[in-house]
Each structure stands twice: as C-alpha cells, then as structure tokens.
Amino acid sequence: MGGATLLKETGPREVFCGLTSIVWLHRRMPDAFFLVVGSRTCAHLIQSAAGVMIFAEPRFGTAILEERDLAGLADAHDELDRVVKDLLARRPEIRTLFLVGSCPSEVIKIDLARVAERLNGVLKGNVRVLNYSGSGIETTFTQGEDGALKALVPLMPNSEESQLLLVGTLANPVEDRLINLFRRLGIENIKSFPPRQSTDLPTIGSGTKVLLTQPYLTDTARVLKDRGAEIIKAPFPLGVEGSRLWMEAAANAFSINKSLVDSILNPLVLRSRKALAPYKELLSGKRLFLLPESQLEIPLARFLHHECGMELVEVGVPYLNRDLMQPELELLPHETLVVEGQHVEKQLDRVREKNPDLVVCGMGLANPLEAEGISTKWSIELVFSPIHGIDQAADLAELFSRPLHRRNLLTQKTLVQV
Ligand code: SF4
C-alpha cells in the first residue's frame with residue numbers, strides 16, 4: 001500500500017484517554033452534557049484538561065464512585081440515578097446526556113447501556129440518554145469523539161435526500177469557511193455531524209455522501225455506512241495539498257465540473273503556498289519523529305514532508321484504519337516507517353538513537369524529551385487549533401516551526417553567553 005512500510009508494536013502506552021475529547025465536544029454541542037462515570041483521577045483529568053470550565057459550572061460532570069460504592073453495584077446504580085436527577089433538576093436546558101464510562105474496575109462492571117435505557121424510560125424523551133466509553137484501556141483521546149458520535153448515529157432520522165455530510169468536530173469558523181467553499185462549488189445541501197445543537201441531528205440515508213474531516217472516526221464511519229451513506233475516500237484536509245484533494249473528492253462525488261473547482265481553489269492554493277514559504281524555509285530538511293497519540297499523525301507527516309520539506313524518521317499512530325487511511329498512505333514517501341500501536345520505552349529508545357530535530361508527542365513525554373535537548377510539539381494542541389483547510393496551512397506549519405524557532409533562540413543565547 002503506497003510507499004509506506006507498516007509495522008505494529010504493542011506494549012506500555014503513554015497517551016491521554018478518550019475522556020479528553022469531551023473538552024471539544026461540549027463546546028460544540030452546548031445543549032449536551034457529558035457525565036463521566038469515573039474515579040477522582042478522571043475528575044482530575046477532565047478538570048485540568050478543561051481548565052477554567054470547572055469554576056463556571058461545567059457542562060460535563062463527574063459522578064465519582066466513592067469507596068462505599070465498591071461494595072455493591074446496587075449502590076453505584078443508586079448513586080448514578082441520584083446524580084442524574086440532581087443534574088437535570090439544576091440544568092433543565094440539557095437535551096442530551098452522555099454517560100461516559102472510564103477504566104476503574106468498579107465502573108467497568110456497570111452496564112452503562114442498560115443504565116441509559118432505564119433512564120430513557122424514566123425521562124420519557126425529555127432528555128435523551130446515551131452512553132459510550134472514554135476509558136484509557138479502550139481509547140486514546142480522539143477516540144472519545146468517535147464513541148460519542150457513534151452513540152448519536154441511531155438517533156439520526158432516515159432520509160434518502162442528496163446531501164454532503166461533513167463528519168467530525170471542527171472549529172465553527174473553519175467549518176463555516178469550508179461550507180461556504182462547498183456552496184461556491186455548487187453543493188447546496190451540506191450538513192455537519194456533530195451538529196451545533198445535539199437535538200439538531202442531520203438525516204442519513206442512501207443519498208448521503210460522507211466527507212470525514214478527522215481521521216479518527218472509524219466506528220462512526222462504519223455505522224454511517226450501515227445506514228446507507230457513502231464514505232468519500234480522500235486524504236484529510238490538512239495542508240494545501242490534502243485540503244485540495246479532500247475538496248476535489250467531494251466535488252467529484254457530486255459531479256462538479258473540474259474547471260469550476262480549479263477556478264475557485266487555484267487562487268486559494270496560490271495564496272496559501274505563499275504564506276507557507278517562510279515556514280518551509282525553517283522546517284525544510286529537519287528530521288521529524290511522530291509518536292502515536294491523536295491519529296492525525298499520518299496526514300500531518302504527509303503535509304510536513306510534501307509541503308514543508310521535513311524528513312520523516314518514524315510515523316507512529318495509535319490505530320491504523322488501512323481503508324480510510326489508504327489515500328494518505330499512498331502520498332507518503334517511499335518506505336516511510338509507519339508504526340501502529342506503542343511500546344513507549346522502545347519508541348523512546350529509537351527517538352534517542354535517531355536524535356530527530358522535532359518530536360510530536362503527548363504532554364507526558366514532552367518534558368523529559370525537552371530536558372534531554374529534543375524539541376517537541378504536543379499533539380493535543382493540534383486538536384484544539386483551527387488547522388483544517390487550504391487557508392489554514394500556514395498556521396499549521398507555524399505550530400511546528402515554533403518549537404524549532406525557540407530552540408534556535410536558546411542555542412544562540414547559549415553561544416553568546418559562552
Ligand atoms: Fe485515567 Fe482511565 Fe479515568 Fe482516563 S478514564 S482519567 S485513563 S482512570
């Protein structure tokens with residue numbers, strides 16, 4: 001497949017769990033509430049990842065199971081019922097309640113699907129209760145979004161109407177720009193999933209063509225396909241090249257005339273290439289090592305190699321969906337080493353041995369690597385930054401230039417002091 005060499009690795013992992021994605025999902029759907037059924041560790045993660053939110057009555061909560069709940073499941077169910085009742089009394093605007101599972105063994109024992117079913121019966125449709133897992137045993141941080149969206153799919157109404165469905169959370173202004181471009185291309189009926197209100201779910205059926213905006217939505221794509229939708233195969237909209245191919249794939253699916261596509265996209269491409277040039281100068285020839293965390297690694301590697309001139313030492317990815325990722329893998333340079341899964345110690349040994357100029361990794365690994373003199377970029381920053389689309393390419397490159405620029409300054413300072 002393509003030019004990549006694919007390997008698998010298993011062992012100890014060092015990644016954020018799927019609870020993390022609640023941070024961007026709750027921003028996207030303000031009428032939804034994410035109730036984490038977890039321990040104090042989960043509460044700590046969600047509160048520190050979401051920063052200020054906890055002080056302003058967060059839209060997600062944690063039902064913390066105290067020691068006494070461990071003795072019997074009946075207590076845990078009662079506790080959950082009590083928390084949900086209190087919550088809904090306090091927050092009548094909540095329309096969709098996600099019960100989010102976590103990894104403590106006492107939580108794993110609770111059948112959250114059954115709890116959701118029971119609560120749906122009690123609430124009689126006033127609030128829809130869904131469940132998915134954000135457990136660190138089963139998910140890495142972006143997979144939380146996959147779980148939440150998959151849980152919403154059964155609620156989507158059926159319709160055979162022709163439409164383009166953009167699937168995956170994007171920053172609203174970025175999404176607006178992309179929708180505007182698709183409209184200019186002549187695609188009129190465009191919907192987004194997740195929607196901006198949890199109750200405003202798009203329809204789904206055989207007239208739906210799905211364009212994934214994010215590469216980590218394997219399960220969601222599968223269940224949308226089961227509902228009759230066609231999944232458009234394309235690279236992901238990162239960088240000028242990926243974004244253009246992504247838009248062209250949608251245009252092809254709707255039989256849009258190529259000259260119209262060129263007339264709309266060419267000026268954007270030209271402008272973005274120009275904006276990219278200064279970053280390319282800094283990044284070109286630098287050696288890049290991506291540790292697995294977000295599933296954005298392959299599209300990022302493709303962008304940083306093709307459009308910024310970086311050399312790819314190793315591309316780690318927590319999970320590789322070969323089918324969805326095929327158009328990306330084909331664009332990677334010959335024999336790029338793509339490693340699926342993680343054995344964090346072996347991977348860190350390889351980082352030290354190869355001594356790359358930049359490592360993309362989780363926050364937990366960044367500090368020790370920086371202390372060893374290796375520049376890093378947190379992969380989590382990439383899911384919180386507006387990086388999608390042709391005109392965001394320079395901003396995306398800038399994120400990777402920043403740590404190298406900082407190290408250059410530090411080196412110069414050290415030289416001056418010597
Ligand atoms: Fe930690 Fe698991 Fe809770 Fe995530 S779900 S914060 S990995 S205990």
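Contact here means heavy atoms within 4.5 Å. Helix axes are lines fitted to C-alpha atoms over the stretch in contact, and angles run from 0 to 180 degrees between N-to-C directions. The model is predicted.

Start with helix H7, residues 172-184. This helix lies across S6, S7 and S8. Its direction is at about 150° to S7.

Those strands belong to an open sheet of four strands. The order is S7-S6-S8-S9, and the pairing is parallel. Strand S7 (190-193) and strand S9 (230-231) form the edges, each pairing on one side only. Within the sheet, strand S6 covers residues 163-167 and strand S8 covers residues 208-212. Five bridges join S6 and S8 in the parallel sense. Leu166 stands opposite Leu211 in S8.

Now turn to Asn120. This residue sits in helix H5, which spans residues 112-123. Neighbours within four places in sequence aside, Asn120 is in contact with Gly125, Val127, Arg128 and Val129. Leu130 is 10 residues from Asn120 along the chain, and their C-alpha atoms are separated by 8.6 Å.

Which residues are around the ligand? They are Cys17, Leu19, Thr41, Cys42, Leu45, Ser102, Cys103, Gly134, Ser135 and Gly136. By class, this shell has five nonpolar and five polar residues. The shell has no charged residues.

Technical notes:
Residues are numbered from 1 along each chain as its sequence is written. This is a predicted model: local features need pLDDT of at least 70, side-chain atom pairs count only at pLDDT 80 or more; totals for chains, interfaces and linings use all residues. Side-chain values use heavy atoms; hydrogens and water are left out. Helices (H or I, at least four residues) and strands (E, at least two) are DSSP runs, numbered from the N terminus. Two strands pair if DSSP finds at least two bridges between them. A residue is near a molecule or strand if one of its heavy atoms lies within 4 Å of it. Ala, Val, Leu, Ile, Met, Phe, Trp, Tyr, Cys and Pro count as nonpolar, Asp, Glu, Lys and Arg as charged, and the others, Gly among them, as polar.
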